[in-house]
Amino acid sequence: HYAHHLLQTYSGLFCVVINPYKRYPLYTNRCAKMYRGKRRNEVPPHLFAVSDGAYVNMLTNHENQSMLITGESGAGKTENTKKVIAYFATIGASGKKDENAEKKGSLEDQVVQTNPVLEAFGNAKTVRNDNSSRFGKFIRIHFTGSGKLAGADIETYLLEKARVISQQTLERSYHIFYQIMSGSVKGLKEKCFLSNDVYDYMIIAQGKTTIPNVDDGEEMGLTDVRLDTFVWCCSVFYFLN
């Protein structure tokens with residue numbers, strides 16, 4: 001399976017997914033359409049098949065459905081969770097356009113766009129994983145009776161607080177601190193009296209300060225939160241200085 005880029009298979013009710021540490025076109029919109037409304041035995045094993053099965057069961061049986069995504073560090077839990085959310089956002093899209101949607105983005109877009117914020121404040125580089133979630137999360141996606149997306153809420157727990165003040169040699173603190181130091185938000189570092197050298201702040205410079213093939217400035221552009229939230233984060237830089 002792996003040699004032929006078939007990275008997903010079934011084991012009972014479980015869909016077993018191998019992380020190839022490469023990007024393959026396995027989660028495109030075209031791929032999502034292939035699994036829409038299909039029985040599990042009609043299409044190759046895929047995370048979208050499990051997701052669509054849960055969606056159909058919800059509409060047919062009028063009961064809440066649950067999906068558990070589990071695995072060891074680096075297995076791909078975070079990435080697969082994002083694909084599940086994106087799939088539900090796609091099949092549950094209302095298709096309506098209004099003035100508020102033009103300003104804030106559609107509800108589907110808003111649900112998907114929670115991921116960069118969660119990752120910035122809760123993910124970090126570890127020895128085995130450059131984007132390791134250092135917290136647990138329980139995500140509820142709400143649908144109308146007709147299957148249209150109605151909203152979502154997220155419960156978080158067990159954040160690794162010690163990482164804020166201490167990192168191992170080959171690890172980093174949370175992404176948000178390095179995104180701030182990238183300087184991509186104009187005037188932010190000046191407002192918080194930050195220098196341009198990350199090594200001036202030992203609280204985030206005890207290990208690695210960069211990740212190969214990751215642009216912290218570009219990632220900062222995706223972390224769309226209020227400016228005062230960034231200012232609050234900047235206060236952490238002075239804890240050990």
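Tyr27, Phe48, Tyr55, Tyr87, Phe88 and Phe143 form one aromatic cluster, where rings of Phe, Tyr and Trp (its six-membered ring) pair if their centres lie within 6.5 Å, and planes under 30 degrees apart count as stacked, over 60 as edge-to-face and the rest as tilted. The model is a predicted one, in which local features need pLDDT of at least 70 and side-chain atom pairs count only at pLDDT 80 or more, while totals for chains, interfaces and linings use all residues. Residues are numbered from 1 along each chain as its sequence is written, and side-chain values use heavy atoms, with hydrogens and water left out.

**Aromatic pairs**

- By the ring-centre rule, the count comes to eight aromatic pairs.
- One of these pairs joins tyrosine 27 and phenylalanine 48, edge-to-face, with 5.7 Å centre to centre and 80 degrees between the planes.
- This pair links distant parts of the chain, 21 residues apart, since tyrosine 27 is in the loop between strand S2 (14-17) and helix H1 (29-35) and phenylalanine 48 is in helix H2 (residues 47-61); helices (H or I, at least four residues) and strands (E, at least two) are DSSP runs, numbered from the N terminus.
- Tyrosine 27 is partly exposed at 24% relative accessibility, whereas phenylalanine 48 is buried at 3%; buried means under 20% relative accessible area, exposed over 50% and partly exposed in between (1.4 Å probe, protein chains only).
- Tyrosine 201 and phenylalanine 237 form an edge-to-face pair, with 5.4 Å centre to centre and 80 degrees between the planes.
- Tyrosine 201 lies in the loop between helix H8 (188-191) and helix H9 (216-222) and phenylalanine 237 in the segment after helix H10 (227-234), so this pair ties together parts 36 residues apart in sequence.

**Charges over rings**

- The charged end of arginine 40 sits over the ring of tyrosine 10, 4.0 Å from its centre, a term that requires NZ of Lys or CZ of Arg within 6 Å of the ring centre and within 35 degrees of the ring normal.
- The charged end of arginine 172 sits over the ring of tyrosine 178, 4.0 Å from its centre.

**Annotated binding site**

- An unreviewed UniProt entry lists Gly71, Glu72, Ser73, Gly74, Ala75, Gly76, Lys77 and Thr78 for "binding site", although such annotations may be inferred rather than shown by experiment.
- Glutamate 72 is found in the loop between H2 and helix H3 (77-91) and is exposed, with a relative accessible area of 53%.
- Lysine 77 lies in helix H3 and is partly exposed, with a relative accessible area of 28%.
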